[in-house]
Amino acid sequence: TIITKRLQSSAGSTASAICDHINDWLYGTPKDEFITMGIASDGSYGIPKGIVSSMPVICKDGDYEIVKGLKFDDDIKKRIEISVDELVEERDKLLEYFE
């Protein structure tokens with residue numbers, strides 16, 4: 001069925017993306033290039049410290065470093081703000097649950 005084929009396709013592209021991600025992380029990103037990884041923020045780009053979010057990084061020797069100083073247009077800034085608001089709200093709800 002179409003659903004079965006779509007699930008297989010989705011699983012294949014997910015697996016491929018995971019392999020690419022791990023490859024970049026372990027073997028490094030190409031020179032002068034960066035990728036995005038879901039990591040705990042250090043406070044860069046207005047994302048509160050500790051919030052796990054997609055961040056621009058360079059990878060080397062199995063480690064990563066957040067790329068600093070990227071400039072974003074107003075549309076991207078607004079999208080980041082919306083995402084951060086959602087992540088903070090989710091974090092706060094979880095913290096309430098465990099109190």
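Tyr-97 is exposed, with a relative accessible area of 64%, on a scale where buried means under 20%, exposed over 50% and partly exposed in between, for a 1.4 Å probe and protein chains only. Phe-98 also counts as exposed, at 64% relative accessibility. This is a predicted model, in which local features need pLDDT of at least 70 and side-chain atom pairs count only at pLDDT 80 or more, while totals for chains, interfaces and linings use all residues. Residues are numbered from 1 along each chain as its sequence is written, and side-chain values use heavy atoms, with hydrogens and water left out.

A pair of aromatic rings is described by the distance of the centres and the angle of the planes. Rings of Phe, Tyr and Trp (for Trp, the six-membered ring) pair if their centres lie within 6.5 Å, and planes under 30 degrees apart count as stacked, over 60 as edge-to-face and the rest as tilted. By this rule the count comes to two aromatic pairs. In the pair of Tyr-97 and Phe-98, the ring centres are 5.0 Å apart and the planes stand at 85 degrees, so the pair is edge-to-face.

## The three-stranded sheet

Three strands form an open sheet in the order β1-β2-β3, with antiparallel pairing; strands (E, at least two residues) and helices (H or I, at least four) are DSSP runs numbered from the N terminus, and two strands pair if DSSP finds at least two bridges between them. The edges are held by β1 (35-40) and β3 (63-66), each with a single partner strand, so one side of each is left without a neighbour in the sheet. From one strand to the next the twist averages 60 degrees, with axes taken as lines fitted to C-alpha atoms and angles running from 0 to 180 degrees between N-to-C directions.

Strand β2 (residues 52-60) pairs with β3 in the antiparallel sense over four bridges. Within this pairing, Ile-58 has Glu-65 of β3 as its bridge partner, and Val-57 stands opposite Ile-66 in β3.

## Two aspartates with positive phi

The strands β2 and β3 form a hairpin with two residues between them. Asp-61, placed in the loop between β2 and β3, has a positive phi of about 55 degrees although it is not a glycine, and the residue is exposed, with a relative accessible area of 68%.

Asp-32 lies in the loop between α1 and β1, where this residue, not a glycine either, has a positive phi of about 65 degrees. Asp-32 is exposed, with a relative accessible area of 75%. Lys-77, found in helix α2 (residues 74-97), counts as partly exposed at 47% relative accessibility; Lys-77 and Asp-32 are 45 residues apart in sequence and 23 Å apart in space, C-alpha to C-alpha.

## A nonpolar patch on the surface

Ile-18, Ile-22, Trp-25, Leu-26, Tyr-27 and Tyr-64 form a nonpolar patch on the surface, with about 620 Å² of accessible area together. Accessible areas come from the Shrake-Rupley method with a 1.4 Å probe, and for residues only the protein chains shown count as cover. Patches are made of residues with over 30% relative accessible area and no salt bridge, joining like charges within 9 Å and nonpolar side chains (Val, Leu, Ile, Met, Phe, Trp, Tyr) within 5 Å; a salt bridge is a side-chain nitrogen of Lys or Arg within 4 Å of a carboxyl oxygen of Asp or Glu.

Helix α1 (residues 2-27) gives the most to the nonpolar patch, with five residues. Ile-22 lies in helix α1 and is partly exposed, with a relative accessible area of 40%.
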